[in-house]
Amino acid sequence: MPRMLVTPPLTLYVHLPWCVRKCPYCDFNSHEQRGPLQFNAYVDALVADLDHDLPMVWGRTVQTVFFGGGTPSLFPPDAIDRFLQLASARLRFAPGAEITLETNPGTVEHGPFAGYRAAGVNRLSFGVQTFDDDCLQRLGRIHSSGDARRAVCMARDAGFDNFNIDLMYALPGQGLAMALGDVDHAIALEPTHISHYQLTLEPNTAFAARPPPGIPDEDLGWDMQEACQARLAEGGYAQYEVSAYARPGRQCAHNLNYWQFGDYLGIGAGAHGKLTLGAQQQVLRRWKVKHPADYLRKAGTASATGGDEFLDETRLPFDFMLNALRLNAGVPLAMFEARTGLPRSVISGPLAEARARGWLEDDAARVVPTELGRRFTNDVISLFLADKPRKAVPGITMAQISQSAGGH
Ligand SMILES: C[S@@+](CC[C@H](N)C(=O)[O-])C[C@H]1O[C@@H](n2cnc3c(N)ncnc32)[C@H](O)[C@@H]1O
Ligand code: SF4
């Protein structure tokens, strides 16, 4: 039976599931807004949901909060403020806790940023995607590149000095020069953090059903990744995870906790959580019902839980590596032991195999992917599957990467 010596750090993820319009590439739990949103009712549901899960985290301190979506910036500052006040009356927040809110530049024309700042939000994440207006249209985005620039400037004027820009590359009709141009435009806005995602055609999206013409092939996608990574490094943004780049000291603490297999409480429609529980210190994954209407009805009761899964020793190594191997610096093996409760000997076979293939550094104290290993992340992770054939990990979606195996 797994046994942990130290309870991992705890963070709070809050899912706000509505968007103005569903983007054709997106498989997140996001729903097109139909009519006015019931902000107060949703905040009440979030608090009821939190109250229901609180006994699992009694006495622990929340290190970060992340409002993800969906489009959290559809919620007015007073709704975010009310939630944070009610949450901080129930949970201890670490002093100076990082509190991030995801923002679509098409939803902030009236500049609610001062209100978010006053509510306690101290980090923003802008879904910019590209600065090419034709490309933005092809992606079904509701904003122009000018809207994105204006939103960033308004946020800075309101006192936000810590913000991320989400970019996507390998977009329909995009060439290498355009992808580099997007990175240059983003750097010019001086964010502290840039997330740079390769567009993926996720099952059950409009793009998967009818792929748009002109999507770059795998080789060009790889060239874009390498060239953009170099340009970001020149601009002072070091890659620390597959898709994440930051200025020194500005890595996203919330996402780092996912990748280091820390604990997180997930509240809101479809939110995923991962908690280390009880005397046996077992690891529980819990997710909430996905559909907002269903969630609003059930929040605060046991039926709001969409599923519970305890991870046993056949799953823990895989889940740990799914996260840790995304980090350029990897993790200490001591962290594997502390957070799974398993001795390092249980993974000595796959570790040796990965090292022999040149996928992991020859470092006895840490698990660190090599450049080759980073190129074949899924193959490396597959080595840690207990009882499955060793092939590429099937079906890891953007939403899973973002919410149960890492995030934005
Ligand atoms: C929840 S969204 C961010 C906030 C807001 N919903 C928006 O889109 O402006 C998270 C980010 O995931 C990325 N993303 C979503 N679907 C993707 C896909 N299929 N492939 C690559 N990146 C994707 C986008 O960069 C997006 O900004
Ligand atoms: S990418 Fe963002 S704005 Fe578009 S549907 Fe997904 S969550 Fe909503």
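Ala 170 is found in the loop between β7 (163–169) and α6 (176–188), where helices (H or I, at least four residues) and strands (E, at least two) are DSSP runs numbered from the N terminus. Although Ala 170 is not a glycine, its phi is positive, at about 65 degrees.

A word on the source: this is a predicted model, in which local features need pLDDT of at least 70 and side-chain atom pairs count only at pLDDT 80 or more, while totals for chains, interfaces and linings use all residues. Residues are numbered from 1 along each chain as its sequence is written, ligands are numbered from 1 in the order in which they are written, and side-chain values use heavy atoms, with hydrogens and water left out.

Another loop to visit lies between β4 (61–69) and α2, and Gly 70 has its place there. The peptide bond leading from Gly 69 to Gly 70 is cis, with omega near 10 degrees.

Gly 70 also takes us to ligand 2, as one of the residues that surround it, along with Cys 19, Tyr 25 and Arg 141 among others; here a residue counts if one of its heavy atoms lies within 4 Å.

Now for the helices. Helix α1 (residues 39–53) packs against helix α2 (residues 77–88) at an angle of about 20 degrees, with their axes 10 Å apart; axes are lines fitted to C-alpha atoms over the stretch in contact, and angles run from 0 to 180 degrees between N-to-C directions. α1 and α2 are therefore roughly parallel to each other, a label for angles under 35 degrees.

Notes: Angles under 35 degrees count as roughly parallel, over 145 as roughly antiparallel, 65 to 115 as roughly perpendicular and the rest as oblique.
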